[in-house]
Amino acid sequence: QVQLVESGGGLVQAGGSLRLSCAASGCIFSINAMGWYRQAPGKQRELVARVTSGGNTNYADSVKGRFTISRDNAMNTVYLQMNSLKTEGTAVYYCKADVALIATMVWHDYWGQGTQVTVSS
């Protein structure tokens, strides 16, 4: 019904930058919040950044000042610009969207498949 497709992960040296993208498609009536989460090996999944449909944002303390989340509502796409990456940023990054379907008008959370980000020292 809804697919979230992430792209932009990869290998980067510490101090470098990456830009992640996540495009939502399917039988979508509306999307509320969209966000990025990450899960490092042996750790729980954690919020990295989140943006509402109105453009309000919040960030994990560990990425404030280095990461920027943005979205294109017309394209149902959310972006995460990651600058000054640190080795502890190595994780699988997942996109999440709060979506209302055309058929039901009920809100559900949908997740992407994840994209690997590896930051080398």
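Analyst: V48 is placed in strand 5. The model is a predicted one.

User: Is V48 buried or exposed?

Analyst: The cut-off for buried is under 20% relative accessible area. V48 has a relative accessibility of 1%. That value falls under the cut-off, so V48 is buried.

User: What separates the C-alpha atoms of V48 and L80?

Analyst: Along the chain, V48 and L80 are 32 residues apart. The C-alpha atoms of V48 and L80 are separated by 9.4 Å.

User: Where does T52 lie, and which residues is T52 in contact with, leaving aside neighbours within four places in sequence?

Analyst: T52 lies in the loop between strand 5 (46-51) and strand 6 (57-59). Leaving aside neighbours within four places in sequence, its contacts are N32, A33 and R71.

User: Is T52 buried or exposed?

Analyst: The relative accessible area of T52 is 18%. Buried means under 20%. T52 is therefore on the buried side of the cut-off, and the class is buried.

User: What is the strand order in the open sheet of four strands?

Analyst: The pairing in this open sheet is antiparallel, and the order is 1-3-8-7. Strand 1 (2-7) and strand 7 (67-72) each have a single partner strand, so one side of each lacks a neighbour in the sheet. From one strand to the next, the twist averages 15 degrees. Read across the sheet, the order is 1-3-8-7.

User: In strand 3, which residue is the bridge partner of V2?

Analyst: Strand 1 and strand 3 (residues 18-26) pair in the antiparallel sense, over six bridges. The partner of V2 in strand 3 is G26.

User: How many bridges join strand 9 and strand 10, and which residue is the bridge partner of K96 in strand 10?

Analyst: Strand 9 (residues 91-101) and strand 10 (residues 107-111) pair in the antiparallel sense. The number of bridges is five. In strand 10, the partner of K96 is W111.

User: In the hairpin of strand 9 and strand 10, which turn residue has a positive phi?

Analyst: Five residues lie between strand 9 and strand 10 in this hairpin. The turn residue has a phi of about 60 degrees. That residue is M105.

User: What is the phi of N76, which is not a glycine?

Analyst: N76 lies in the loop between strand 7 and strand 8 (77-82). With 24% relative accessibility, N76 is partly exposed. Its phi is positive, at about 55 degrees.

User: And what is the phi of S84, also not a glycine?

Analyst: S84 lies in the loop between strand 8 and strand 9. The relative accessible area of S84 is 40%, so S84 is partly exposed. The phi of S84 is positive, at about 50 degrees.

Note on methods
Residues numbered from 1 in each chain as written. Predicted model: local features only at pLDDT ≥ 70, side-chain atom pairs only at ≥ 80, totals over all residues. Heavy atoms only, no water. Helix = DSSP H or I, 4+ residues; strand = E, 2+ residues; numbered from the N terminus. Buried < 20%, exposed > 50% of the residue type's maximum accessible area, 1.4 Å probe, protein only. Contact = heavy atoms within 4.5 Å. Pairing = 2+ DSSP bridges. Axes fitted to C-alpha atoms, helices over the stretch in contact; angles between N-to-C directions.
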